[in-house]
Amino acid sequence: MSFNGKYSLGILLTFVLLALVMLYVFPFLSLITGVKTMTAGLFLNSRIVIWIVLLLIFLYSKLIEKSPITIWKDKEYPISFYIGAVLCMYFICAIGGALLNGLIFLITHEKMSDKLIQLQSIFKNNYFLIIFTCLTAGVVEEVLMRGYIQPIIEKIYNSPVLGVIISAILFGILHSTYGTIGQVVGPLFIGVVFAVFYKLYSNIKIIIMCHFLFDFVSLMIMNFIDIKHLSAF
């Protein structure tokens with residue numbers, strides 16, 4: 001298989017596996033366990049499955065592509081840069097995402113995602129699940145979307161812009177299972193912010209920390225506030 005063929009297959013495999021997990025992991029786990037409603041245990045197992053996807057792509061990159069899963073080598077920066085970059089990106093994502101969700105609400109009047117409302121009950125005061133979920137999203141999604149897919153697309157098409165755009169679009173599409181426009185547009189915007197930063201500074205650890213922080217704050221808000229009464233989240 002050619003260089004482009006191996007990497008193209010890797011991108012397809014990554015997206016398909018993540019999409020299958022997002023769409024079918026809960027019905028599959030329900031079938032195995034016999035649990036018909038969403039529970040904390042069921043959700044925890046679904047996050048473990050996502051780690052398995054990361055392991056499979058790691059093995060594919062190691063054994064088939066003969067390269068590390070994160071193609072770009074991380075550049076090192078002072079601790080002050082890490083802190084500043086994480087906080088800066090967090091506020092860009094939080095403010096930009098809130099404005100986009102507000103705009104979408106004004107245009108479409110769409111309701112809160114039923115899936116988010118359902119998940120709120122299982123996260124309630126379950127701090128282990130909150131932290132594990134944020135860690136899973138931060139590590140797995142960033143290693144695969146930014147660390148793996150973005151550099152490959154740039155390498156195949158010799159276009160940094162395509163690397164940013166396509167990785168962000170795929171990131172947004174994977175969040176479409178939440179069932180609202182806002183839950184696609186918001187992640188797409190965040191995906192662009194993260195992808196641009198990764199291209200400029202080539203440090204996956206900073207993006208993982210920012211992703212973790214963003215999700216952690218969001219889930220803690222869900223933990224203490226009834227999001228059914230929020231027009232935009």
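The axes of helix H4 (residues 114-123) and helix H8 (residues 204-224) approach to within 9 Å and cross at roughly 80°. Here axes are lines fitted to C-alpha atoms, for helices over the stretch in contact, with angles running from 0 to 180 degrees between N-to-C directions. Helices (H or I, at least four residues) are DSSP runs, numbered from the N terminus. H4 and H8 are therefore roughly perpendicular to each other; angles under 35 degrees count as roughly parallel, over 145 as roughly antiparallel, 65 to 115 as roughly perpendicular and the rest as oblique. The contact, defined by heavy atoms within 4.5 Å, joins Leu116, Leu119, Gln120 and Phe123 of H4 to Leu219, Met222 and Asn223 of H8. These residues divide into 5 nonpolar, 2 polar and no charged, where Ala, Val, Leu, Ile, Met, Phe, Trp, Tyr, Cys and Pro count as nonpolar, Asp, Glu, Lys and Arg as charged, and the others, Gly among them, as polar.

The model is predicted: local features need pLDDT of at least 70, side-chain atom pairs count only at pLDDT 80 or more, and totals for chains, interfaces and linings use all residues. Residues are numbered from 1 along each chain as its sequence is written, and side-chain values use heavy atoms, with hydrogens and water left out.

The expected span of a helix is taken as 1.5 Å times one less than its number of residues. Helix H6 (residues 160-174) contains 15 residues, and the distance from its first C-alpha to its last is 21 Å, close to the expected 21 Å.

In H6, the residues Gly163, Val164, Ser167, Ala168, Leu170, Phe171, Gly172 and Leu174 are buried. The buried residues of H7 are Gly182, Gln183, Gly186, Pro187, Ile190, Gly191, Val193, Phe194, Ala195, Phe197 and Tyr198. This buried set of H7 packs against H3, H4, H5, H6 and H8. Ser202, which follows H7, has a positive phi near 50°.

Positive phi values also occur in two loops. His109 lies in the loop between helix H3 (79-108) and H4 and has a positive phi of about 55°, although it is not a glycine. His109 is exposed, with a relative accessible area of 55%. Asn158, located in the loop between helix H5 (127-157) and H6, likewise is not a glycine and has a positive phi of about 55°. The relative accessibility of Asn158 is 70%, so this residue counts as exposed.

Ile50 belongs to helix H2 (residues 40-63) and, at 5% relative accessibility, counts as buried. Apart from residues up to four places away in sequence, Ile50 touches Val21, Thr136 and Val140. Ile50 and Val140 are 90 residues apart along the chain, while their C-alpha atoms are separated by 7.3 Å.

Thr136, a residue of helix H5, is buried, with a relative accessible area of 2%. Beyond its neighbours within four places in sequence, Thr136 contacts Arg47, Ile50, Trp51 and Glu141. The C-alpha atoms of Thr136 and Ala94, by contrast, are separated by 20 Å, the two residues being 42 residues apart along the chain. Glu154 is also placed in helix H5. A relative accessible area of 15% makes Glu154 buried. With neighbours within four places in sequence set aside, Glu154 is in contact with Trp72, Ser159, Pro160, Gly163 and Lys199.

The cysteines were examined last. A disulfide is a covalent bond between the sulfur atoms of two cysteines; the criterion applied is a pair of cysteine sulfur atoms within 2.5 Å. The structure holds 0 disulfides. For Cys93, the closest cysteine sulfur is that of Cys210, at 5.2 Å, which is too far for a bond. Conversely, the closest cysteine sulfur to that of Cys210 is in Cys93. Cys93 counts as buried at 1% relative accessibility, and Cys210 likewise counts as buried at 1%.

Definitions and conventions
Buried < 20%, exposed > 50% of the residue type's maximum accessible area, 1.4 Å probe, protein only.
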